[in-house]
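Good morning, colleagues. Please look at the model on the screen while I describe how its parts are arranged.

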Amino acid sequence: MSETQESSYKADALIAQDIDAYLLKHQHKSLLRFITCGSVDDGKSTLIGRLLYDSKMIFEDQLAALEADSKKVGTQGQNIDFALLVDGLAAEREQGITIDVAYRFFATERRKFIVADTPGHEQYTRNMVTGASTADLAVILIDARKGVLTQTRRHSYLAHLIGIRHIVLAVNKMDLIGYDQDKYDSIVAEYRQFAAGIGIAHFTPMPISGYAGDNITSHSLNTPWYDGVPLVEFLENVELDVTADQAKPFRLPVQWVNRPNLDFRGFAGQISSGVVKPGDEIRVLPSGKASKVTRIVSLDGDLHQAVAGQSITLCFADEIDCSRGDVITPADAPVQVADQFEATIVWMADEAMTPGRAYWIKLGTQTVSASIHAPKYQINVNTLEHAAAKTLELNAIGVANITTDRPIPFEPYEKSHALGGFIIIDKMTNATVGAGMLSFSLRRSQNVHWQALDVSREVHAGLKNQKPAVLWFTGLSGAGKSTIANLVEKKLVRMNRHTFLLDGDNVRHGLNKDLGFTDADRIENIRRVGEVAKLMTDAGLIVITAFISPFRSEREMVRKMMAPGEFIEIFIDTTLEDAERRDVKGLYKKARAGELKNFTGIDSPYEPPHDAEIHINTAKLTPEQAADLIVERLIP
């Protein structure tokens with residue numbers, strides 16, 4: 001090997017060592033997630049661009065492209081427009097605004113950062129909430145020329161609502177007002193008065209210029225009257241949420257049961273708060289079973305202690321029931337368990353929330369079915385007034401009660417983001433349609449308990465010598481549901497079966513006479529009928545229902561109320577033309593004339609079943625033949 005080659009190899013080895021040392025150094029730095037928010041054109045994107053530029057996180061080719069783009073579409077003349085480093089969408093550059101949430105990484109000698117640039121426009125409130133959901137800190141920018149604006153108040157309220165503990169009030173563009181201290185003090189005083197009104201007890205104000213770099217990485221000579229620290233220094237030293245979480249009681253939402261072989265069984269997850277050690281007495285909720293920690297297993301081997309933020313596997317001294325969605329807590333400091341709550345909801349879907357409809361709620365590692373009641377009120381995020389509302393539209397924020405299908409372990413959001421924050425998922429589309437924060441459990445959920453009964457549903461069914469069932473007829477108005485259902489009941493009675501027919505029109509004369517025909521009322525109509533049908537199956541009856549029940553999600557809700565195999569969906573399939581032709585009650589005629597609103601098939605949708613147990617095509621079968629087929633399928 002020549003001396004030149006040897007020198008080259010040594011140089012490469014030194015470079016590799018330097019890279020390894022650099023990566024190792026960054027690996028052990030703490031990570032701060034923060035957002036920039038505020039009104040339109042307050043300089044959020046420019047500030048982030050300045051942070052990236054000053055922290056040397058821009059490659060030469062990026063800098064060259066930035067200089068070219070600044071001259072082409074920038075807003076700073078021939079100077080560098082730092083906002084272009086963040087506003088990546090074509091629409092953002094053309095309009096000079098932020099639309100989507102943009103995430104950027106940068107690092108200093110002391111800490112790593114992930115910053116989210118959130119949009120200021122009201123129609124992108126859901127984007128701002130998305131960016132804020134994982135943040136430890138919010139930098140709320142104010143244009144020094146404009147002062148505190150409506151969007152400043154909105155984003156401050158949202159940041160506080162989502163539970164961001166650290167807020168920096170960055171009065172930006174100080175260079176454009178000549179670094180006027182009196183103007184700065186006036187803005188801070190106005191904001192302090194507003195912040196106190198929404199519950200923000202502490203915030204850190206600072207005068208900056210994202211474009212000129214004043215008080216970003218070092219003190220500016222232009223503001224000798226400012227005695228606080230520069231922005232970057234503040235970000236490097238602020239306490240992280242994960243550090244504060246370690247002082248709270250131990251909480252571990254179980255993500256999965258780790259069982260690689262017959263000799264090992266552990267419960268894996270990320271600690272959301274507190275500290276755990278081998279020998280600690282624990283309790284698993286919602287079951288309430290207790291045991292003791294024997295091992296703390298990690299990728300690096302067994303640990304003598306684990307703290308908030310670490311992903312671990314716990315082993316117990318006893319074989320107790322514990323699965324995904326359960327929460328492991330100290331035996332003497334368990335979380336609450338309930339199935340009814342008050343929550344603040346941020347609606348994020350174009351389609352409005354439907355009160356009473358069952359949605360999936362994902363809270364921590366558990367996913368449960370939940371019904372969202374009509375809002376108690378909607379919050380005007382501009383004025384903070386409470387307004388009456390029947391539903392929540394896109395970007396709306398409201399307070400409503402939520403009922404889950406089973407008791408779940410939780411903590412109020414102000415105590416635990418992990419066990420108090422949730423997302424709402426549409427059951428039909430699997431789209432995330434909202435997010436929420438639990439405030440508290442309703443008192444009735446703690447005071448109402450199931451009463452143990454000595455005579456079981458099996459005894460009731462045995463006395464009648466039959467298997468309980470729900471025959472759920474669904475289809476358009478005029479399809480023939482009631483006619484066929486009535487024939488089925490008569491045939492079953494002749495076979496000495498114990499039945500009861502719940503007809504849609506009859507139920508609305510009594511139990512549901514207070515309900516109309518809006519989507520929300522239709523959902524409540526089906527929920528009540530489902531609960532009645534469930535009680536009747538507990539009594540051992542064969543329940544026959546004849547309802548349009550237009551929505552798949554509500555039919556699925558009733559199915560889940562019943563024991564496995566007891567719900568039999570019967571689709572009475574008729575074309576709209578045939579249903580209108582049979583219009584005995586004249587309802588379609590009224591709906592066509594605009595005299596009957598929210599009529600299924602005309603101005604309200606019908607969602608046909610995908611996999612009904614029995615499919616009756618009325619074009620091929622007479623009502624008598626259809627009834628015979630259904631009875632034969634029920635009782636071969």
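Gly 38 stands opposite Leu 141 in strand 4. Strand 4 covers residues 137–143, and strand 1, residues 30–38, is joined to strand 4 by five bridges, the two running parallel. Helices and strands here are DSSP runs numbered from the N terminus, helices being H or I of at least four residues and strands E of at least two. Two strands are said to pair if DSSP finds at least two bridges between them.

A word on provenance. This is a predicted model, in which local features need pLDDT of at least 70 and side-chain atom pairs count only at pLDDT 80 or more, while totals for chains, interfaces and linings use all residues. Residues are numbered from 1 along each chain as its sequence is written, and side-chain values use heavy atoms, with hydrogens and water left out.

Let me return to the sheet. Strand 4 also pairs with strand 5, again in the parallel sense, over seven bridges; here Val 139 stands opposite Val 168. Strand 1 pairs with strand 3, residues 111–117, in the parallel sense over seven bridges, and the bridge partner of Arg 33 in strand 3 is Ile 114. Taken as a whole, six strands form an open sheet in the order 2-3-1-4-5-6, with mixed pairing. Strand 2 (102–107) and strand 6 are the edge strands, each pairing on one side only. On average, neighbouring strands of this sheet are turned by 25 degrees against each other, direction ignored. Angles run from 0 to 180 degrees between N-to-C directions, and axes are lines fitted to C-alpha atoms, for helices over the stretch in contact.

How many residues of strand 4 are buried? Seven of its seven residues are, where buried means under 20% relative accessible area, exposed over 50%, and partly exposed in between, with a 1.4 Å probe and protein chains only. Leu 137, Val 139, Leu 141 and Asp 143 are buried on one side of strand 4, and Ala 138, Ile 140 and Ile 142 on the other.

Next, the helices that accompany the sheet. Helix 5, residues 125–132, lies across strand 1, strand 2 and strand 3 and runs at about 160 degrees to strand 1. Helix 6 packs on the sheet, touching strand 1 and strand 4, and its direction makes about 175 degrees with that of strand 4. Strand 4, helix 6 and strand 5 make a right-handed β-α-β unit: with the strands pointing away from the viewer, the path from the first strand over the helix to the second runs clockwise.

Helix 6 comprises residues 150–162, and its 13 residues reach 18 Å from first C-alpha to last, close to the 18 Å expected at 1.5 Å a residue. That expected span is 1.5 Å times one less than the number of residues. Ten of the 13 residues of helix 6 are buried, so it is largely enclosed by the rest of the structure; among them are Arg 154, His 155 and Tyr 157. Just after helix 6, Gly 163 takes a positive phi of about 95 degrees.

Ile 35 is placed in strand 1 and counts as buried because its relative accessibility is 0%. Leaving aside neighbours within four places in sequence, its contacts include Met 128, Leu 137 and Ile 164, a contact being heavy atoms within 4.5 Å. Ile 35 and Asp 136 are 101 residues apart in sequence, yet 8.4 Å apart in space, C-alpha to C-alpha.

Finally, some backbone details. Most residues other than glycine have a negative phi, and most peptide bonds are trans. Tyr 179, in the loop between strand 5 and helix 7, has a positive phi of about 55 degrees. Asn 215 also has a positive phi, near 55 degrees, and at 1% relative accessibility Asn 215 counts as buried. A cis peptide bond, with omega about 20 degrees, joins Leu 285 and Pro 286; Pro 286 lies in the loop between strand 11 (281–285) and strand 12 (289–298).
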